[in-house]
Amino acid sequence: MIYILLGPPGAGKGTQGELLSRKIGMPRISTGDILREAVRNKTPLGLKAKETMERGKLVSDDIVIGIVMEKLKSNECARGCILDGFPRNLKQAEALEKFSNSDIKAIYINVPEGEVIKRLTARRICPNCGAVYNMIANPPKEDEKCDTCGEKLIQRDDDREEVIRDRIRVYRQHTEPIIEFYRSRNSLVEVDGSGTIEEVFSRLEELL
Ligand code: AP5
Ligand code: MG
């Protein structure tokens, strides 16, 4: 089974994906995390993707489709996986359908725009271990330091308000159409993403 997490930036794809991954023992594959790590390590992939990501635009289909297909072929995904941030347009959704024979369940996390802007401006991440916090809803125990590894938390380059608005525009134009793509295949479940992290996860558990 391949689970796909769909929803606007800040909907909680990463947060819910981590909880689901722990619960069902399948890996969460986040194209955003893979690309950010490449940018941090200044690999050829990172150098190509950096500017596009800072502007909140989509990295080229060939690059992300290549990344995901490699992952799906690997042992890590032998029993299935949870895709976070892929597919992000119809071309990517069609590529996934062609490549994989696994059943697909798309989970659409629906959150109003005002709420996602609030969540994203308050997000902080740990540059060392990747843990995600929220200075309002899920703050670290000690101010701006990672609970797990003690590293100083940072803000993602694309979590500035003007970039957030561009990411939402890109989402509406390119990603929203794939909700209908999966709905028409009877592969979509929709979860109300408002409320606390725990509330959303228990709705998700009930649905699955
Ligand atoms: P990506 O990293 O996928 O970013 P995104 O889609 O914009 O989504 P986010 O990670 O911002 O949000 P999320 O839904 O994961 O929310 P989170 O759980 O963190 O992509 C980044 C970039 O990479 C793209 O712009 C593009 O350039 C490139 N890219 C990636 N994939 C690509 C692809 N397939 N094709 C082309 N380009 C691609 O939660 C957000 C915050 O809210 C956190 O602080 C969290 O603690 C908090 N929070 C979560 N749930 C709740 C709750 N219920 N209540 C209150 N706060 C909450
Ligand atoms: Mg994310």
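Predicted model: local features only at pLDDT ≥ 70, side-chain atom pairs only at ≥ 80, totals over all residues.
Strand E4, which covers residues 104–110, is joined to E7 by five bridges, and the two strands run parallel. Strands of a sheet pair through backbone hydrogen bonds, in either a parallel or an antiparallel manner.

Widening the view from this pair, one finds an open sheet of five strands, ordered E2-E3-E1-E4-E7 and paired in parallel. Strand E2 (28–30) and strand E7 (188–192) each have a single partner strand, so they form the edges, and one side of each is left without a neighbour in the sheet. On average, and with direction ignored, neighbouring strands of this sheet are turned by 25 degrees against each other.

Helices lie across parts of this sheet. Helix H2, residues 31–40, lies across E2 and strand E3 (81–84), and its direction makes an angle of about 55 degrees with E2. Helix H9, residues 197–207, lies across E4 and E7, running at about 150 degrees to E7.

H9 also packs against another helix. Two packed helices are described by the angle between their axes and the distance between those axes. For helix H1 (residues 13–24) and H9, the angle is about 55 degrees and the axes are 10 Å apart, which makes H1 oblique to H9. The crossing of these two helices is right-handed. On the H1 side, the contact is made by Thr15, Gln16, Leu19, Leu20 and Lys23, which meet Ile197, Val200, Phe201, Leu204 and Glu205 of H9. Sorted by class, the residues of the contact of H1 with H9 comprise six nonpolar, two polar and two charged.

A further helix pair is formed by helix H6 (residues 113–121) and helix H7 (residues 161–175), whose axes come within 11 Å and cross at roughly 135 degrees. H6 and H7 are therefore oblique to each other, and H6 passes H7 in a right-handed crossing. The residues that meet are Glu113, Val116, Ile117, Leu120 and Thr121 in H6, and Glu161, Ile164, Arg165, Arg167, Ile168 and Arg172 in H7. The contact of H6 with H7 divides into five nonpolar residues, one polar residue and five charged residues.

Methods
Residues numbered from 1 in each chain as written. Chains lettered and ligands numbered in written order. Heavy atoms only, no water. Pairing = 2+ DSSP bridges. Helix = DSSP H or I, 4+ residues; strand = E, 2+ residues; numbered from the N terminus. Axes fitted to C-alpha atoms, helices over the stretch in contact; angles between N-to-C directions. Contact = heavy atoms within 4.5 Å. Parallel < 35°, antiparallel > 145°, perpendicular 65-115°, else oblique. Left-handed = near helix turned anticlockwise from the far one by under 90°. Nonpolar A, V, L, I, M, F, W, Y, C, P; charged D, E, K, R; others polar.
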